[in-house]
Amino acid sequence: MKRKVLAGLLSAAMVATTVFGSVGVWAAEETAEDASDDAAADEDSDTAKINPEGKKYKIALSNSYMGNDWRQQMEAIAEYVASQEPYASRCELTIVNSENDAESQSASIDAMAAQGYDCILVDPASETGVNQAIQRACDAGIKVVVFDQPASVSNDNCWHIRIDGGRSYKILAKWMAEAIGGEGNVVLDQGLQGAAEAELEYSASKEMFETYDKINIVSDYVDDYDPAKGEQALASIIAANPDIDAVTTQGYVSAVVNAFSKAGLDIPVSCGGGYNGNLKTLKANNAEGIIDVYIAGLSAVALNYAIRIMDGEEMDEETVIDCAFIATSNGYDMGEYSDVPIELAEEGVNYFEDQPDELIWPAVPSTFGLDIPMSVITGEE
């Protein structure tokens, strides 16, 4: 019997461990006791649960969209993990990209099913649009692991791994509302048109802001995860109503900073995805904001699950992972979210001036058990 489970928070400790473990900063300071603890932790990691012996599975990754850095890093991480042991001995991974529409992705999934893949990892174009194709693959006995964006398919051959975007955007909106003193005008980003996760994040932020009597939602906009499109949309909103205190984005705070700076206005409080450039931009412009680090290595977790599922391990039907949160300031009353770790932005710890803006860090949950070199994410390898 599959059951639902909530995975642990990606805490401040987790971020530090992943960052420094990957770039080898604190190895010299590690004590024998620390090393022993790390070894014990590795034995319990997701990667340690992969049997290095056994059948080599044919696995496909169906990706519906390549229009942002997260998707590109997601694929790079999956490719890297598949090339490392024990994964390299246990799987042959093929990545197939389709247009950002349910019809083309459904056709792609049908083709994969016909080609005899043992498992298909699916990042869906919509919550319902590819359901029939997924169901057809499952009916044919193919295991399917849905990750990132949701799909409303439930059967004995389908598993789901996701980050709770609704919860994340409630936390982001709560921080922003407190940062502007519980009153003012806000503008909300609807994200990528048609994406279920984008709709969830928009609705969650809207719901949180509406709990404040003195906060007015004056407009919303669509950026399709494209900072240039977001900046253009915000410029039009500013022209009609320049009195804005906070703006959400589902991607890049540079859209907010550029639009308001070019208009000669103070930069409002903003939020965005877990890109290194978002914190660099906020810091460089003395702007207030918060980011949620939406782990790009969900693809690696899905690959890990796929091998273990096909080996016969009983896995939870749904695994939900929380984001890590990093902000330019802290100490606000977070109410029901007061137990959520929110790190203070610190260069060299959770953002890096000498690394690309596109870097999303950490790459995988601390429980994964295989470090991802930063060069894989930056494309230098």
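The model is predicted, so local features need pLDDT of at least 70 and side-chain atom pairs count only at pLDDT 80 or more, while totals for chains, interfaces and linings use all residues. Residues are numbered from 1 along each chain as its sequence is written, and side-chain values use heavy atoms, with hydrogens and water left out.

**Overall fold**
- The protein chain holds 13 helices and 14 strands, where helices (H or I, at least four residues) and strands (E, at least two) are DSSP runs numbered from the N terminus.
- Of the 381 residues in the protein chain, 55% are buried; buried means under 20% relative accessible area, exposed over 50%, and partly exposed in between (1.4 Å probe, protein chains only).
- Among contacts (heavy atoms within 4.5 Å) with a separation of 6 or more, 72% come from residues 24 or more positions apart.

**Salt bridges**
- The count comes to 15 salt bridges, each being a side-chain nitrogen of Lys or Arg within 4 Å of a carboxyl oxygen of Asp or Glu.
- Arg-308 forms a salt bridge with Asp-46, with the closest N and O atoms 3.7 Å apart; because Arg-308 lies in helix 12 and Asp-46 in the loop between helix 2 and strand 2, the pair ties together parts that are 262 residues apart in sequence.
- Arg-308 is buried at a relative accessible area of 5%, and Asp-46 is buried at 13%.
- Asp-123 and Arg-71 meet in a salt bridge at 3.5 Å, N to O, and since Asp-123 lies in strand 4 and Arg-71 in helix 3, this pair ties together parts 52 residues apart in sequence.
- Lys-174 forms a salt bridge with Glu-178 at 3.6 Å between the closest N and O atoms, and the two, 4 residues apart in helix 7, are separated by about one helical turn.

**Buried positions**
- Ser-62 lies in strand 2 (residues 57-63), is buried with a relative accessible area of 0%, and touches residues including Val-96, Ile-109 and Asp-123.
- Val-256 lies in helix 10 (residues 254-262) and is likewise buried with a relative accessible area of 0%; not counting residues up to four places away in sequence, Val-256 touches Leu-234, Val-247, Thr-249, Pro-268 and Ser-270.

**Surface**
- Asp-371 is placed in the loop between strand 14 (342-344) and helix 13 (374-378), and Asp-371 is partly exposed with a relative accessible area of 42%.
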